[in-house]
Amino acid sequence: VGAAPDIQFHDILGSARANCRASSAGQFQEDPQHEGANGLLNASRHVISSAEAAGNAIANAQAAYQITHEENVTKIWGYATSSSYAQGDGSAEIQYAIGGGQIQFTLDRETRFAVSSCSTWMSDSPVGGVVCSLTAALPGGHRLGEPLFVHNLLDANDCLQDDMILEPGTYEFSAICHISGSNEGQGQTDDWGEIDVKFSLDELVVVGDIDGDGDVDGEDLAKLLGSWGTDEPTADFNGDGVVDGQDLALLL
């Protein structure tokens with residue numbers, strides 16, 4: 001198994017957004033922050049939003065994301081946190097704090113997709129959540145109705161590991177952390193969430209496919225017979241140093 005040579009990556013859709021509102025004693029403040037990026041396979045953003053009204057309502061939110069790609073592994077990290085304080089007639093609202101990213105890729109052959117996430121955390125009871133999903137995209141920009149899988153782990157000790165074979169086509173993989181909430185005269189609240197996932201795409205090696213066209217047919221048989229008795233590595237399927245009847249049996 002090696003890195004698939006024919007994977008086309010499209011623009012990354014990264015998002016780090018935060019928006020806070022606070023009101024008290026007739027005073028109102030809103031601090032919207034929105035920042036995103038379409039870029040190459042390495043991008044990151046961090047945003048902060050804060051609002052305060054009459055000292056009785058304070059809202060703070062932060063969001064960040066980072067996407068990196070090294071060799072055959074792509075990693076998406078998202079983070080969101082909120083803190084609100086309200087007393088009396090104050091009202092503090094975190095409209096949203098969202099950190100995460102989405103990447104799209106096109107495959108021209110069957111490819112192994114492997115994903116792992118062993119570090120997804122959330123506070124006890126935030127409004128929002130953390131989720132990663134893989135969705136197939138249809139021609140015309142439409143998406144498949146049901147995601148191929150969705151991951152929304154709440155247990156920091158839990159771990160997602162999935163491995164599947166993807167048919168040729170276009171896919172979208174996303175990992176997003178989302179926090180929101182409101183606080184009306186209820187004192188202090190704090191929520192946070194973080195998601196950290198990575199995935200790889202590997203070419204499926206078909207035993208017997210000597211010419212690398214994705215199937216085993218007469219052309220491969222001809223190449224094997226042409227290498228009979230030699231140590232030609234592309235035809236020596238069992239790796240014993242000689243192309244012989246055992247390799248022919250594997251091809252057939």
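Which residues make a nonpolar surface patch of about 210 Å²? Select Val131, Val150 and Ile176, and you have the patch on screen. Patch members need over 30% relative accessible area and no salt bridge; nonpolar side chains (Val, Leu, Ile, Met, Phe, Trp, Tyr) are joined within 5 Å, like charges within 9 Å. Areas here are Shrake-Rupley values with a 1.4 Å probe, and for residues only the protein chains shown count as cover.

A quick word on the model: it's predicted, so local features need pLDDT of at least 70 and side-chain atom pairs 80 or more, while totals for chains, interfaces and linings use all residues. Numbering runs from 1 along each chain as its sequence is written, and side-chain values use heavy atoms, with hydrogens and water left out.

**Whole view**

Zoom out and color by secondary structure: you get two helices and 15 strands (DSSP runs numbered from the N terminus, H or I of at least four residues for helices, E of at least two for strands). Of the 252 residues, 42% are buried (under 20% relative accessible area; exposed is over 50%, partly exposed in between). Among contacts (heavy atoms within 4.5 Å) with a separation of 6 or more, 69% join residues 24 or more positions apart.

**Stop one: Ile176**

**Stop two: the salt bridges**

The whole structure has two salt bridges (a Lys or Arg side-chain nitrogen within 4 Å of an Asp or Glu carboxyl oxygen). Start with lysine 75 and aspartate 196, whose closest N and O atoms are 3.7 Å apart. Lysine 75 sits in strand S7 (residues 73-86) and aspartate 196 in strand S15 (residues 187-203), so the pair ties together parts 121 residues apart in sequence. Lysine 75 is partly exposed at 36%, while aspartate 196 is buried at 18%.

Next, pick aspartate 163 and arginine 112, which meet at 3.5 Å, N to O. They link strand S13 (residues 160-166) to strand S9 (residues 111-117), 51 residues apart.

**Stop three: Asp31**

Finally, select aspartate 31 in strand S4 (residues 27-39).

Terms used. Buried < 20%, exposed > 50% of the residue type's maximum accessible area, 1.4 Å probe, protein only.
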